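Biologist: Please show me the model, and then let me ask what the terms used for it rest on.

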Amino acid sequence: MEENTTLYTIIVHSENFSGILNQVATVFTRLQVNIESLNVSASSMKNVHKFTISCKTTARNIDKILKQINKKLDVINAACYTDDEIFQSEIAMFKISASEFQNWEDTSRLLRGYNTHIVEVTPEFLVVELAGSSEAIDSLYGELDRIGCVRQFVRSGKVAVTASPLEKVNDLLARRRDRYGYRTAQ
Amino acid sequence: MENNEKVSGSEALVRALIEEGVDTMFGYPGGAIMPVYDALMDHLDVINHILVRHEQGATHAAEGYARASGKVGVCLVTGGPGATNTLTGIADAMLDSTPIIVIAGQISTDMIGTDAFQEVDFTCVTQPICKWSYQISSPEEITWAVSRAFFVARSGRPGPVVLSITKNAQVGMTEYIPRKVNYIRSYDDDPEIDMTRIREAAAAINSARRPFVLAGQGIELGNAQEEFLAFVEKAGLPFGCTLLGLSVAPSSHPLNKGMLGMHGNYCNNVKTNECDVLIAVGMRFDDRVTGNVATYARQAKIIHLDIDPSEIGKNVPVDIPVLGNCRKTLPLLTERLLKMDRSEWIESFRKYQDEEYEKVIDRELHPAAGPLNMGEVVDAVSSATGGDAILVTDVGQNQMMASRYFRYTRKRSIITSGGMGTMGFGIPAAIGAALGRPDRTVCVFTGDGGLQMMMQEFGTIMEHRIPVKMILLNNNYLGNVRQWQELFYNRRYSFTHLENPDFQVIASAYGIPSRRVLAREDLKSAVDEMLSADGPFFLEACVAEEGNVMPMTPPGKPIDNMLMEC
């Protein structure tokens, strides 16, 4: 019996130590869940790194994944969100063959329609950037691919911020600092 | 000590260990850890280093030491194969929440990544199976990493920590600056107690007519044995124990109904599926406890006390989670409990206890004729020690028989590989237990299979005259697998018969006194001889070849669906 899968976005905040990415990744390996996209970067908090991971899996697996990531010593917090609980965005870059592209009529309408940004134009190719939803990127890639003009394509993976007015991780760290203050005060 | 005095990283490591209170360690030297072994020689007045005969033995010895003493067990090994030989012990300690620290040598930082001699990326390999794994790459990090390792291993839900230390960090010079890590912001070792949950749990217990408590090792780890007894006694709550939790309360306590799970006591598994409130304390609803989870305690409101948030709702849906150290949460509950007469409910266990006694226990302990039974050997040893000894077991039928029929009077008295089921665990773990609690008798039950997985540790026992009482329940089979083959594989005994050596000859080669017992009438005198011997003793009990551990819940079946006989 195949259980229903959902696309989840997991946001992990961790210390910035070497080996954390491996620790997070092994959780997915253990459950044989594929990561759809992964982005790791600095966060607004000093020395805290933020992972944005998207994966398609079952409700039961996502529960296990979160528990196991949260259990890692240097992970501050891991939480998961569905699309209505976050604002998300992604950047893609397309390296487009100039000759094939020019052969196609209405090129500028296509690129303008997607609100793309031109990064570079040479006689051989142009580089175009699109920031937006993952669906828009999929769609533009589909149209360009039909023309057969895409030489290179890369996407950043989703990044997301939560829609809630609460900043849970900041609150969690502040609360913990207060609770354990008696130990560090010595 | 002069300020600014420089010492080698190795010297700093040994001093940092002493600072953490280490007086015993288990290890095996090799190329990548030689500077530390050299520094160790100057501190043998403080640290008793036990040279094992295989690194896996060092990890199990450290586990036995930790479980018996409540302190952190420490292993010291070299890199490469020395390090990878510890993996089974690390994983075992992770599943059983045992605080050990494995310190492994590593090649110099500048050689890493070149496939140098004995290079293994040990940090990467161990990350998924330990609480924290870290590579020390410079001597300045040593005191911080050692202090952090001890804090992590012993706090919260305890577990194994791995420190790899590169050769350059061992030989480089540094100032020795002691450090104390007692707070890690990403790590909530003492979770905040939610008083709303405490009140909800207390109300649920107070209104329960048929409450049942599951006692786990968390009670021992939290050193909350007295708090637990106060809790169950105040409200008259009958309880069953997990394998690792068997010694949280005396076996003779009237509310103690024995072991839970696949080979546990029948009444507990029946009552799990009859109770109206199930209160789990420091246990994790392992599949050997629950049987088929789809039919497990569906009628009951479930309260779960645990320090590890990842355990709440992991296997079984929980109605009232009570997160926190049970040493703190239990008294908060107890003060809110009403004294209540639940004797009728408690008395209802009797019927199933009687049935199990008649169909299983009496037959196992008091056979009229035939070869020795495993259970009667355990019973003879337990009686002769007055239930005062520490029981260590290997894995398999010997483990289930020993844990079922041994009686416990004192806390921290069972040491067994529960989560991993690591054959070979018993003998080295007993070595560690004997060193961790030299004031107590240590009895280890093993089978003929498991013994041969760690038999080289006879050398360690010989060298240090470690007073472990070893009881081999020899049935010439990998008995537990054979039992499953008998029950579920149509008696097709695929590779479970063992052609065994003369174990007494092996014991004598190591200078360990031994005796073999086959006849029932010789059993008591053999056990007495073993216990009165000064130092180690090896007792081989030749038991019925096809003895079975009963009762048994077949795998995947509802937990109360127990077979009483084959």
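Modeller: An open sheet of 4 strands in chain A has the order β2-β3-β1-β4, with antiparallel pairing. This is a predicted model, in which local features need pLDDT of at least 70 and side-chain atom pairs count only at pLDDT 80 or more, while totals for chains, interfaces and linings use all residues. Residues are numbered from 1 along each chain as its sequence is written, and chains are lettered from A and ligands numbered from 1 in the order in which they are written.

Biologist: What makes β2 and β4 of chain A the edges of the sheet?

Modeller: Strands (E, at least two residues) and helices (H or I, at least four) are DSSP runs, numbered from the N terminus. Two strands pair if DSSP finds at least two bridges between them. β2 (35-42) and β4 of chain A each have a single partner strand, so one side of each has no neighbour in the sheet. From one strand to the next, the twist averages 15°.

Biologist: How do you know that β1(A) and β3 of chain A pair?

Modeller: The pairing needs at least two bridges, and β1(A) and β3 (residues 48-57) have 10, in the antiparallel sense. Thr6(A), for instance, stands opposite Thr57(A) in β3(A). Helix α2(A) packs on this sheet and touches β1, β3 and β4 of chain A. The direction of α2(A) makes about 165° with that of β4(A); axes are lines fitted to C-alpha atoms, for helices over the stretch in contact, and angles run from 0 to 180 degrees between N-to-C directions.

Biologist: Why is strand β7 of chain B called largely enclosed?

Modeller: A residue is buried if 20 or more other C-beta atoms, placed from the backbone, lie within 10 Å of its own, exposed if 12 or fewer do, and partly exposed in between. In β7 (residues 161-166), 6 of the 6 residues are buried, so the rest of the structure largely encloses the strand. Val161(B), Leu163(B) and Ile165(B) point one way, and Val162(B), Ser164(B) and Thr166(B) the other way.

Biologist: Which strands pair with β7(B)?

Modeller: β5 (residues 100-106) of chain B pairs with β7(B) in the parallel sense over 6 bridges, and Ala104(B) stands opposite Ser164(B). β6 (residues 132-136) of chain B also pairs with β7(B) in the parallel sense, over 5 bridges; there the partner of Tyr134(B) is Leu163(B).

Biologist: Why is Pro467(B) called partly exposed?

Modeller: Pro467(B) has 17 C-beta neighbours inside 10 Å, and the class runs between the limits of 12 and 20, so Pro467(B) counts as partly exposed. Pro467(B) lies in the loop between α21 (458-464) and β18 (468-474) of chain B. Leaving out residues up to four places away in sequence, Pro467(B) touches Ala434(B), Gly535(B) and Pro536(B); contact is counted if C-beta atoms, placed from the backbone, lie within 7 Å.

Biologist: What makes a group of residues a nonpolar core?

Modeller: The members are buried Ala, Val, Leu, Ile, Met, Phe, Trp, Tyr and Cys residues joined through C-beta atoms within 7 Å. The largest core has 169 residues, and Val377(B) is one of those that touch the most other members. Helix α7 (residues 142-154) of chain B gives the most to this core, with 8 residues. Another core, of 19 residues, lies apart from it and includes Val24(A) and Cys80(A).

Biologist: How many residues does each chain give to the contact?

Modeller: Chain A gives 22 residues and chain B gives 17.

Key:
Contact = placed C-beta atoms within 7 Å.
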